[in-house]
Amino acid sequence: MSYAIQAEGLVKRFKETTALGGVDLSARPGTVLGLLGPNGAGKTTAVRILVTLLRPDAGRAEVGGYDVVRQAHQARAMIGLTGQYAAVDETLTGAENLVMIGRLLGLSRPDARARARELLARFGLADAAERAAKTYSGGMRRRLDLAASLVGRPRVLFLDEPTTGLDPHSRNALWDIVRELVAEDVTVLLTTQYLDEADRLADDIAVVDHGRVIATGTPAELKTRTGGLVLEVRPAEPERLDLVLDVMREVIGARPELDGGLAVAGVNDPAVVPAIVRRLDDLGVVAAELSLRRSSLDEVFLALTGRRAAGAETEPEEPEETELEGAGV
Amino acid sequence: MSAVTASRRVGPLDTARHTMTLAWRGLVQIKHNPMELLDLSVQPIMFVLLFTYVFGGAIAGSPGEFLQWALPGIIVQNALFATLATAVGLNVDVEKGVFDRLRSLPIARTAPLTGRVLADLAKQVWSLALVLAIGLALGFRIQTGIGGVLASAALLIVVALAMSWMSVLIGLAASSVEKVQIFAFSLMLPLTFTSSAFVDIRTMPGPLATWAEVNPVTYLSDAIRGLLLGGPVAAPATRALLWSAAIAVVCAPLAVRAFRRRA
Ligand SMILES: Nc1ncnc2c1ncn2[C@@H]1O[C@H](COP(=O)(O)OP(=O)(O)OP(=O)(O)O)[C@@H](O)[C@H]1O
Ligand SMILES: [Mg+2]
C-alpha cells in the first residue's frame, strides 16, 4: 500500500531539547491524519519537517512519494501548508496575496486572478478582497492563509492547529472544507490539541507527547484500546455507594473511582456488567443509573499521558454517542 | 499541480519569473504601506533640506555652496540607508511566516531573497532620482554631464548590491525588526558621518581622520563627487568597489549560512 505521507524514525533536536525522538507517521491517500498532542509535543516540528522547511537529524519522510530531503522540490509541488500562525503578507490585499502565489506556481495572470477570486469567495473573503490583509481580523487572516495553501490544488495538505483562534462558526466552516477536500481525494495532516476535532475529522490519529508517538489508531480503536470501556453506576440511595464500590472492585478486580455520586471504573470485558448487576440485585441495591460506554478521547489521552489534554477542561462535554445498552435494574 | 510536479529543479527562466513576481510584490507593498513611501521619499528630501539649510551656513559659509559640495555625500548616505530596507523587509517576512510559506512552494530557492533585493534596488533608484531632483531644484549644478550621472547611478547600484548581502545577513539573523533597526542605525550613522560625505575630513582630529581616510563611505562619496562635479574618479571608485567586494565576500557566505539555517 502506498502512503501519501510516510515518516520513519524522525528525530529533531534543538540544542538540548529533543523535539522529536523517533517519530513514525503514515497517512493513506484521501484520508485525514490527526496529530494530537499537548503544547510542546513536537507537532509543529513534525509538520515543518514534512513540508521541507526543516531537515530531520535522523529518519526519513516521503510526501506524495517524494523524499522531503532529497526530492524536496518535487515534494513541495505536492503540498499545501497552513502553519500554526497565519503567514500572510499584511501589506498586500487578500487578492494580491493569492495572486502572488498563483503567479509563483506558474499560473498566468488571468488564471491567478480567477483562482484568487474563487478562493476568496469560498472562504467568505470576497468583500475584503481588495483590503490590505493588515486590516483583517485574526480569523480572516487564518482563512486567507488557508486559501493561500490551496491555490496550487495540493495533493497533501498540512494544517497546523487550523482552528485555534477561530470562532465556532468559522471552525465548523473549516471542518466542512477539510471534508470537501478529502472528498476530492486530498490527503490532510492536521495537528490539534482538541480531542473532539481529531475525533470528528481524522480517519487515523497519532497521539504525540514529548516528541514520541505514544498511540496510533482510528478514533474508535483508540477509545477501545486504552481503558476500553467505562462502567458508571449510581445507586438510587447515595448511602449505598460504598457497597457499590465494593461490588465493582470485587468483580472487576480494580478499584473504581468516585465521581460525585457515581462509581466509575475502566472495564475491558463487557461480561462483568451482568455479573455486577446480579450481585447488586442480590444485595438489594437499586441502580438509578448504570451505563457502559467507550472511553472518550479525553480519557484516552489521560490514560496515555497521565495528563489531561489541553482544552479538555474548557471544551464543553460532548454528549456521548457510544452509550451501550443501559442494563438497567 | 502537475505542471510543476514533473520538473526536478527550477530552470533559469522560471527562476527569473519567480524573482520578478516577488519583486512585483515588494513594489506593490508600497501601495498599501504609506509609511514606506514616506521612508522612501520624505527621508531623502528631509536629508537634503536639513543638511543644506541647517549645516550649510555653518560648514561652508552658505547653504548653496555647501549643497554643491555635500549633495554627492547625501546621495551616498541615502543610498546606504536604503540598503537596510532589505534587512527590515526580510526580517518581517521571517517573523510573519511569509518566508516559510514561500520556501514551502516549489519555486527557486533564492527567489525570496533576489526578489526582495531587486524590488529594493528599484526603490533605491527612485530615491536617488529624488535626491538629485530636489538638489537640482535647490541649486545644485552638475559639472560633468549625463554620463557622470549614469556612472554614479551604476556605481551606487553595484555598491548597494554588495551591501544587500550584509542586509540579507542582518535580516535573517536578527531576532526582531526592532533589533534590525537599532543595529542598522548604530552602524550606518557613525559610518556615514566619519567620512567625507558631508565635511572635509582634514578638519577631523588625528585618529578619526585616519579612519575617515579609509572609510568606504569616503571613497564612495569622493567617487560620486568626482563623477558629478569633476575630479579624480578612478582611485576612489576602485577602492569603493574593493570595499564592496570585501563586504560581499565576508557577508555572502554568512548570509547563505543564515539562509540555510532557516531551512
Ligand atoms: N526553533 C526552535 N529552537 C529551539 N527549540 C525549539 C524550536 N522549535 C521547537 N522547539 C522545541 O521543540 C519542542 C517541540 O516544539 P513544537 O513547536 O514542535 O511543539 P508543538 O507540539 O507544535 O506545540 P504547540 O502546541 O505549542 O504548538 C518544544 O519543546 C519547543 O520548545
Ligand atoms: Mg505547534
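## The largest pocket

H4(B) provides the largest share of the lining of the largest pocket, 11 residues. The model is a predicted one. The space in this largest pocket comes to about 1,100 Å³. It is lined by 41 residues, and those closest to its centre are B:Glu36, B:Asp39, B:Ala85, B:Val88 and B:Gln181.

Several helices of chain B take part. H2, helix H3 (34-60), H4, H6 and helix H8 (177-193) each give at least two residues to the lining of the largest pocket. By class, that lining has 20 nonpolar, 10 polar and 11 charged residues.

## The second largest pocket

Next comes the second largest pocket, with a volume of about 830 Å³. Its lining holds 33 residues. Nearest its centre lie A:Arg76, B:Arg109, B:Thr110, B:Phe259 and B:Arg260.

Which helices supply at least two residues each to the lining of the second largest pocket? They are helix H2 (72-78) of chain A, together with H6, H7 and helix H11 (234-261) of chain B. The lining divides into 18 nonpolar, 7 polar and 8 charged residues.

## Cavities

Now for the cavities. The count is 5 cavities of 30 Å³ or more. The second largest cavity has a volume of about 50 Å³. Its lining is made of B:Thr83, B:Thr86, B:Val117, B:Asp120, B:Leu121, B:Gln124, B:Ala160 and B:Ser164.

Two or more of these residues come from each of helix H4 (63-96), helix H6 (111-137) and helix H7 (146-173) of chain B. Which helix gives the most to this lining? H6(B) does, with 4 residues. Sorted by class, the lining of the second largest cavity has 3 nonpolar, 4 polar and 1 charged.

Two packed helices are described by the angle between their axes and the distance between the axes. Take helix H3 (residues 94-104) of chain A and helix H2 (residues 12-32) of chain B. Their axes come within 9 Å and cross at roughly 170°. Angles over 145 degrees count as roughly antiparallel, so H3(A) is roughly antiparallel to H2(B).

On the H3(A) side, the contact is made by A:Glu96, A:Met100, A:Arg103 and A:Leu104. On the H2(B) side, the residues are B:Arg17, B:His18, B:Thr21, B:Leu22, B:Trp24, B:Arg25, B:Val28, B:Lys31 and B:His32. The residues of the contact of H3(A) with H2(B) split into 5 nonpolar, 3 polar and 5 charged.

## A helix contact within chain B

Another pair sits in chain B. Helix H9 (residues 206-214) and helix H10 (residues 216-229) pack with their axes 4 Å apart, at an angle of about 60°. That angle makes H9(B) oblique to H10(B).

Which residues of H9(B) meet H10(B)? B:Trp211, B:Ala212, B:Glu213 and B:Val214 in H9(B) meet B:Pro216, B:Thr218 and B:Tyr219 in H10(B). The contact has 5 nonpolar, 1 polar and 1 charged residues.

## Domains of chain A

The domain assignment divides chain A into domain 1 (5-223) and domain 2 (229-294). How far apart do the C-alpha centres of domain 1 and domain 2 of chain A lie? They lie 44 Å apart.

Terms used: Residues are numbered from 1 along each chain as its sequence is written. Chains are lettered from A and ligands numbered from 1 in the order in which they are written. This is a predicted model: local features need pLDDT of at least 70, side-chain atom pairs count only at pLDDT 80 or more; totals for chains, interfaces and linings use all residues. Side-chain values use heavy atoms; hydrogens and water are left out. Axes are lines fitted to C-alpha atoms, for helices over the stretch in contact, and angles run from 0 to 180 degrees between N-to-C directions. Angles under 35 degrees count as roughly parallel, over 145 as roughly antiparallel, 65 to 115 as roughly perpendicular and the rest as oblique. Contact means heavy atoms within 4.5 Å. Ala, Val, Leu, Ile, Met, Phe, Trp, Tyr, Cys and Pro count as nonpolar, Asp, Glu, Lys and Arg as charged, and the others, Gly among them, as polar. On a 1 Å grid over the protein atoms alone, a cavity is a set of points where a 1.4 Å probe fits but cannot get out, and a pocket is an open set with protein on both sides within 12 Å along at least five of seven lines; lining residues have an atom within 4 Å of a point. Grid points are joined across faces, edges and corners, and a volume is the space filled by probe spheres set on the points. Domain bounds come from an automatic or database domain assignment.
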